[in-house]
Each structure stands twice: as C-alpha cells, then as structure tokens.
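Here is a short tour of one protein model and its ligand.

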Amino acid sequence: MAPSPLALPVLYSFRRCPYAIRARLALLASGQACELREVVLKNKPPALLAASPKGTVPVLVLPDGIVIDQSLDIMRWALRRHDPMGWLGPEGTCSSEVLALIAQCDGDFKQQLDRYKYPHRSAAGGAAIGSLPSARDQAGAFVMQLEQRLAAHGCLAGPRTSLADVALMPFVRQFAGVEPVWFAAQPWSHVRAWLEGWTGSPLFASAMHRYPAWAAGQIAVPLCPNAMPLVPN
Ligand SMILES: N[C@@H](CCC(=O)N[C@@H](CS)C(=O)NCC(=O)O)C(=O)O
C-alpha cells in the first residue's frame with residue numbers, strides 16, 4: 001500500500017461510532033498526528049476495504065503499511081508511543097481488571113445496548129430478539145456496576161483514569177442517549193457526573209469534530225481540534 005504523502009498514519013473513522021470515538025480519544029490524548037478519513041458506512045471507500053476487508057471502523061494504516069483494525073489495539077498503539085495522562089498505567093500496560101471491563105462492555109453490554117436501541121431488529125431477520133425493557137434492564141445492570149465502581153474509586157478501575165474509562169465512555173454515552181429522561185431519573189449520579197466530565201471536556205469536543213466524508217484524492221485533513229488541511233490548497 002502506498003504510504004500517505006506526509007507519512008502520517010491514516011485513520012478511517014466514523015464520527016458517531018463508539019469504537020471510533022475511543023480510538024480518536026486515545027490518538028488525540030497521545031498527541032499522535034494522523035490523517036482522518038471520515039467514512040460513510042453505507043459506501044465504504046475501496047481504500048478502507050483494501051486495507052481491512054472486514055470493513056469496520058476504526059482502522060489505522062501506518063506509513064509502513066501495517067494495519068491496525070481493532071479499536072482497542074489502536075488505543076494501545078497510540079498510548080504506548082506517548083501516554084501523557086497515564087491511561088495505560090505505570091508500566092505502560094493495562095491491568096487484567098481494565099481488560100475484563102472492556103471485554104464486558106464490548107461483549108454483553110454492546111449486545112444489550114443494540115437490542116435496546118434497535119428493539120425491532122433481529123439477528124436472524126424478522127422477529128424481534130428481545131423486548132425493550134429487558135434489554136434496557138440487562139444493560140442497566142452493567143451501568144449499575146459502573147456506578148458502584150465510580151462511587152467507590154472515582155474512576156472505573158481505581159482512583160485514576162484508565163483505558164477502561166476512555167474505552168467504555170462512548171458506549172455508556174449511547175446508552176444514556178436512548179432515553180435521556182429515563183436515564184436522568186436512575187440512581188446513577190456517579191455515572192452521570194463521570195459522563196458529563198467526559199462529554200464536557202475539550203478532548204471530547206476535539207474527538208467529535210465534524211469532518212466531511214472522505215473520497216480518494218481529497219486534501220488530507222488531520223485529526224486535530226481545528227482540522228485545517230494538511231496540504232494547503
Ligand atoms: N471490534 C471492532 C468493532 C468495530 C465496529 O463494529 N464498528 C462499526 C461501527 S460502530 C462498523 O464499522 N460496522 C460496519 C458497518 O456498519 O458496516 C473494533 O473494536 O474496532
């Protein structure tokens with residue numbers, strides 16, 4: 001694969017995707033420059049599919065052609081290079097507790113969240129696979145666990161922000177957004193404060209910057225707060 005002209009990693013991303021949000025947060029926190037290519041999921045660019053045929057975002061393509069196509073791996077790649085906020089922990093690695101929380105989020109919680117958000121969708125076509133309240137209750141039980149963790153420690157896996165907070169936040173944000181009035185009425189004050197802390201942060205604002213959809217041949221735009229073109233017109 002041809003390297004990007006400025007030899008920057010290329011991030012294929014989709015603004016609202018929670019996996020892509022966590023990857024952008026880690027890349028921004030690490031200060032890693034990269035070119036951002038906003039993808040329309042219904043019309044994926046051939047360059048994305050050539051780099052990663054499975055066709056999910058985020059995908060990071062390094063200048064030497066190495067492809068990282070799992071959000072967690074992108075986060076770890078960026079933070080291993082530079083981790084000014086210590087999200088990986090003192091030894092530059094994630095604890096098993098952090099990894100277990102992320103696995104729970106990406107596994108059962110994500111499935112329940114999808115059933116809650118899209119109650120009429122079915123994995124096998126046609127019939128609904130679960131009623132809205134049960135999916136909400138199941139996902140809510142996980143959020144309750146997060147509430148207890150935050151009440152006890154301040155952050156999800158101890159007193160300091162870790163990869164778990166960054167990786168889970170976009171998914172909890174989606175959960176909160178399905179029925180905001182209901183969410184606001186739940187006994188989850190620590191989760192709400194934690195979420196508001198993230199969504200109100202300049203880092204999150206940068207990660208949620210709007211980019212036009214990318215097409216081959218366009219001027220490269222960097223992942224950064226003000227997103228000026230990398231190569232001026
Ligand atoms: N395990 C992957 C999951 C990524 C994923 O499923 N992304 C969704 C968007 S949120 C996607 O690209 N779906 C493909 C599609 O909708 O066509 C990761 O962690 O990066």
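Helices (H or I, at least four residues) and strands (E, at least two) are DSSP runs, numbered from the N terminus. This is a predicted model, in which local features need pLDDT of at least 70 and side-chain atom pairs count only at pLDDT 80 or more, while totals for chains, interfaces and linings use all residues. Residues are numbered from 1 along each chain as its sequence is written, and side-chain values use heavy atoms, with hydrogens and water left out.

Look for Cys34 in the loop between helix 1 and strand 2 (35-38). Buried means under 20% relative accessible area, exposed over 50%, and partly exposed in between (1.4 Å probe, protein chains only). Cys34 counts as buried because its relative accessibility is 1%. With contact meaning heavy atoms within 4.5 Å, and leaving out residues up to four places away in sequence, Cys34 touches Leu8, Pro9, Leu11, Leu27, Val221, Pro222 and Leu223. Beyond neighbours within four places in sequence, the contacts of Leu27 include Leu11, Cys34, Ile74, Trp77 and Leu223.

**The core and helix 3**

A nonpolar core is a set of buried Ala, Val, Leu, Ile, Met, Phe, Trp, Tyr and Cys residues joined through side-chain atoms within 4.5 Å. The largest one has 59 residues, and Leu27, Phe109 and Trp194 are among those with the most contacts inside it. Helix 6 (163-178) is one of the elements giving two or more residues to this core; helix 6 gives the most, with 10 residues.

Helix 3 is largely enclosed by the rest of the structure, because eight of its 11 residues are buried. Among these buried residues are Ser71, Ile74 and Trp77. They belong to a set that packs against strand 1 (10-13), helix 1, strand 3 (59-61), strand 4 (67-68), helix 4 and helix 6.

**The ligand**

Residues near the ligand (a heavy atom within 4 Å) include Cys17, Tyr19, Lys44, Val57, Gln70 and Ser71. The polar contacts below are pairs of N or O atoms within 3.5 Å.

| Residue | Polar atom from | Distance to a ligand oxygen atom |
|---|---|---|
| Lys44 | side chain | 2.6 Å |
| Val57 | backbone | 2.9 Å |
| Ser71 | side chain | 2.7 Å |

Taken alone, the ligand exposes 510 Å², and the protein buries 71% of that; these accessible areas come from the Shrake-Rupley method with a 1.4 Å probe.

Technical notes
A polar contact is a pair of N or O atoms within 3.5 Å; within protein, one must be able to donate a hydrogen and the other to accept it, and residues adjacent in sequence count only if both atoms are side-chain atoms.
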